[in-house]
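Good morning, colleagues. Please look at the structure on the screen while I take you through its overall make-up and then a few individual residues.

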Amino acid sequence: MLIYIKISLFALHVTVILAHMHPDFRCSHVPPTPEQVNHVWLDNGNFTPNWETNDESSIPSAPQTTTRSRRYINPKGTNKAAQQLEIGSSMDSNSPVSTQTSTSTSTTSASIPESLWNFFRKFERPPSQPLGGVPSLNEITGQQTQERSATPQLHATSSLGNSPHDLVPMRIQVYYDASVYLLDKKKLKSINETVMPSVVRFFEDVLLIRREYTIDRFRISRRCPNNTIYYAKDVVGLSRPYCMDRCEDHAVCGEMIVPKEHLSACSYCNTTSRRCTTNYSSEGKGAANTQLLLYVSAKQTVRCKRDQTIAYAAHCAQDTKTDRPVAGHANLCPNSISTDPKDLKALIATVKHELTHVLGFSVSLFAYYRDGNGQPLTKRESTPGPIPVDPRTGYAKWSDRVIRRVVRRNWITGEGPIDKEVHMVVTPTVVREVRRHFNCSTLEGAELEDQGSDGTSMTHWEKRLFENEAMTGTHTQNSVYSRITLAVLQDTGWYVANFSSAERLDWGKDLGCDFASKSCKSWIDERRSKQLSIRPFCDRVKGELLQIACTEDRSSKAVCNMRYYKDPLPGVYRNFDYLENTSEQELAHFGGSVDLADYCPFIQEFTWQVQNVTVRGSRCDLGGNSIESEKNAALEHYGPDSRCFEHGKRWEQRSCVYKRHWHHFGAGCYKFTCSGGHINVIVGNHSYPCYYADQIIHIEQLVDQWLYNGTLVCPACDKICAPNKCISYDKQLIDQIVDLNQLQTSHHSHIVCSAAGASYLKQLLAINLISLITS
């Protein structure tokens, strides 16, 4: 679930407001939770499994919720089609179809003849677990008989591996609910022609799936009445799930009723005959040639009205043999869908974020992760089989091979050192990538978010450490899909990621173990004591002059998101011992505007507003953010080839009449190229070479009788260019050459005015012209 947060500038002031038109959101993803499902094992001496019928008379119709399932081919190769194995878990409790849950022995036994009760062993999940239900998947995993299909279904039978022959591309099918077609034409066109195709194409390009996990055709399982599933062993001793006497007649995935052609056959046991059967006359044709079925709706639900939500999603079916999520839903909130081109990238990023939860990055799926050999990382009594629910979390209990609790000793806060408990993803690929990213060989894993609601905490990366990574709990600027998120998808055991498609994450890059394992207050204090920059954090309190900086990835101009809170912040989130022009009593009221980042202030992109109307944003790569020429005080250029460069000093404009200084200063957007082993920054009609980091470029240009004077600070070449485009230069030699060139060319930038006019204006306006050439 996505909530927008925005920094906007009003009359040269910075404030935090809520709005949906800006690409900042909080994801309150509400993952499916294990429901109150009763699992009952039947005594095979009294129930006979594996017989079938096409008689629909014994399958009464009833409202349904759904469970997770899989279908298997009969091991003896007879014409008996696949039997069903179901394991309960839950779906969104806000589903439009109500669910019925059995929570006590007496309730369940009432639906079963007393004479049979002694043959049952009953297992109940804790009655405190939330109500809900997840529909399940039926998969055909071998060659079908001619009676069932004229086309053989081919599957690899070798052990799991990583060779190209073991992997196939991910395939996603999108099914739209009728509500999508009720959107206005612009929104429908954007969703259907741009947003969803872009998201699907991204995941199909970035993920491969193990051939053993592919699905030729699958169906969503029908629900058992009273949420009670009964298991009987087949002839080879494998437990099969059945309903008692009948199945429900439909399934729901999120906000969408599953089409009947996607429904499975009904498997049930008859209490009179004591025989169990699967009735294939009720079976739909299923979905073919896909590895993920995504149901998309566009309903203005109650959840859409909370906190400016623009979308939410969750998985709603898992393959029981491999536990892989194979179906999910995404609801796009109609009132929050923007058709403004400036918002398109953010909308696509939002849907990618939500689909990542469906694919595996979810607190409800951690317990189902598998190792490289396809074996569950979390032990269970039987595989397939249900995993016990952890009463502390409400989700299936995961192993510490997936998530590990780590205690940080001597965690520095405004109240002194404390012991801080964090949870970290410790799967192998994630550990490798996060250590490489932070340049910290002892880091235990990737830290999970510890704040926010149930849909935010434990199911996103920690905001303080990963800021603009796509899978943090609140999106503040230019989300990037990094190697770390690809790593967690690969470590589910269900996919192999194409890491060459990962996007670059600059936040925290190579900052070491101190940054990755200590509080931001500790980082700020230590850096200040050494007179070093505290970036990526900041400590600027807004004043009359607005000082602008660049985001870590230089995609945008930005400001420090420090703000004043009416009430003092909790001591654990007080990150400063002093701030410029701030009294000691006021320190407790200052912190960053993003709570998930532990109130650590950082540089954040913003929008300009006039009378509460957004005029433009601060992203450099969007041409729509261009500044009117008469207000373009630093000769900026916005477009796809532009990045943010810091200014060495405050820019000024001079004419024969006026001198201009702008209230906002500090950085600007400029076009650049990467050639000759260095950056070339283009300002106005000139190109300036950047040979080394922190090199100062002096700019003096005459444009339309205005003399522009300022400086740019060069970033390191590899910050915005590919490393193979960069070479090292001798700093002293470069400085000598640059000084000589500036001396030879400085005479070209002068203002030409009449002597009389200049003299009069100089006296009238007390302007000290830097150059006056009389005619």
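I shall begin with the conventions, then turn to the whole protein, its cores and some selected sites.

This is a predicted model, in which local features need pLDDT of at least 70 and side-chain atom pairs count only at pLDDT 80 or more, while totals for chains, interfaces and linings use all residues. Residues are numbered from 1 along each chain as its sequence is written, and side-chain values use heavy atoms, with hydrogens and water left out.

Let me start with the whole protein. There are twelve helices and 47 strands; these are DSSP runs numbered from the N terminus, helices being H or I of at least four residues and strands E of at least two. Of the 775 residues, 58% are buried. Buried here means under 20% relative accessible area, exposed means over 50%, and partly exposed lies in between, with a 1.4 Å probe and protein chains only. The protein exposes about 32,300 Å², and carbon and sulfur atoms supply 50% of that area; the areas come from the Shrake-Rupley method with a 1.4 Å probe, and for residues only the protein chains shown count as cover. Among contacts between residues at least 6 apart in sequence, 69% join residues at least 24 apart, where contact means heavy atoms within 4.5 Å.

Next, the interior. In soluble globular proteins, nonpolar side chains tend to be buried together. A nonpolar core is defined as a set of buried Ala, Val, Leu, Ile, Met, Phe, Trp, Tyr and Cys residues joined through side-chain atoms within 4.5 Å. The largest such core has 101 residues, and F203 and W461 have the most contacts inside it. Helix 3, residues 185-206, gives the most to this core, with eight residues. At least three residues come from each of domain 1 (167-368) and domain 2 (403-516); the domain bounds come from an automatic or database domain assignment. Apart from this core lies another, of 20 residues, including A634, F672, Y688 and I720.

I turn now to an annotated position. UniProt, in an unreviewed entry, places the feature "active site" at E354; UniProt positions are given in the numbering used here, feature names are shortened, and annotations may be inferred rather than shown by experiment. E354 lies in helix 4 and counts as buried because its relative accessible area is 2%. Its side chain reaches the backbone nitrogen of A313 at 3.3 Å. That is a polar contact, meaning a pair of N or O atoms within 3.5 Å; within protein, one must be able to donate a hydrogen and the other to accept it, and residues adjacent in sequence count only if both atoms are side-chain atoms.

T378 is buried, at 4% relative accessibility.

Finally, some backbone geometry. The peptide bond from R535 to P536 is cis, with omega near 20°. M458, though not a glycine, has a positive phi of about 70°, and this residue is buried, with a relative accessible area of 15%. Q705, also other than glycine, has phi near 65°; Q705 is partly exposed, at 45% relative accessibility.
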